[in-house]
Amino acid sequence: MTAAPALPAHLQAVITDTGTDNRIEIDPSVEVKGKVAIRLAGHGQHLVVGPGTTLAGCLIEMRNTDSSVQIGAGCVIGGELRCRAAGTHIDIGDKTTIMAAVITLHEAGRITLGTDCMLSGRITMDVSDMHSILDAASGLRINPPQDIAIGDHVWIAQGVQVMKGATIGPDCVIGARALV
C-alpha cells in the first residue's frame, strides 16, 4: 500500500490503492471539486499531481504494473485518465486544462500533453486500436500501439478523436469533431 495516510484528509477520501509498491505524490495545495476518484491496483504505479492543480470531476485509474501519471502545476483536470496496461504513461504539462476528455492507454505507450493546453469535452485518445490485426501470410501483428505527443499551447475542441501515433505541434488548434 502507499503512504496515502500522509496525504491531506480531503485527498485521502478519493484514493483507493489495492496494489503494492505504488507511489502517490500529491501536492498539499491540490484542490478537489466534484466527484473525484483515484484508483490504483497492481504494482509499481507512480502518480504525481503538481501544486495548484484542481481535480474537477475526474477519474484517474491505474490498474496494471509499472505505469505513471504525471500532472504538472496549475492544471485543471476533468474527465478520465486510464492506464490499463503495463508500461503505460500519461504526462500532462503545467497549466493544462482538461474539461471532459477520456485519455486511455489499453496497451504500453505514452501520451504527452504539453504546457498550457486546453482540451474541451468528449475528446478521446488512445495509443492502441484495442485489437490486433494480423498479417494473413506471416501471422505478425501489423497494428502495434504508437505514442501520442501534443505540443505546448494546443487547443483541442469538442468531440475530437486523437488516434495512436498522432503528433500535434505547438500552438495548434484542432477543430471540433476532427479525427487526428
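Trainee: Which residue in β8 stands opposite M62?

Mentor: C83 in β8 stands opposite M62. This is a predicted model, where local features need pLDDT of at least 70 and side-chain atom pairs count only at pLDDT 80 or more, while totals for chains, interfaces and linings use all residues. Residues are numbered from 1 along each chain as its sequence is written, and side-chain values use heavy atoms, with hydrogens and water left out.

Trainee: What is counted as a strand here, and what as a helix?

Mentor: Both are DSSP runs numbered from the N terminus: a strand is E over at least two residues, a helix is H or I over at least four. By that count the chain has 17 strands and 1 helix.

Trainee: Why is β8 called largely enclosed?

Mentor: Buried means under 20% relative accessible area, exposed over 50%, and partly exposed in between, with a 1.4 Å probe and protein chains only. In β8 (residues 76-83), 6 of the 8 residues are buried, so the rest of the structure largely encloses the strand. For the whole chain, 46% of the 180 residues are buried.

Trainee: What is the order of the open sheet, and which are its edge strands?

Mentor: The open sheet has 7 strands in the order β2-β5-β7-β9-β11-β13-β16, with parallel pairing. Its edge strands are β2 (23-26) and β16 (167-168), because each pairs on one side only. Within the sheet, β9 (residues 88-92) and β11 (residues 109-113) run parallel and are joined by 5 bridges.

Trainee: How do you know whether the radius of gyration agrees with a compact globule?

Mentor: The radius is taken over C-alpha atoms, and the globule rule is 2.2 Å times the number of residues to the power 0.38. For 180 residues the rule gives a radius near 16 Å; the chain has 16 Å, so the two agree. Along the principal axes, the C-alpha atoms fill a box of roughly 55 × 35 × 20 Å.

How values were computed
Pairing = 2+ DSSP bridges.
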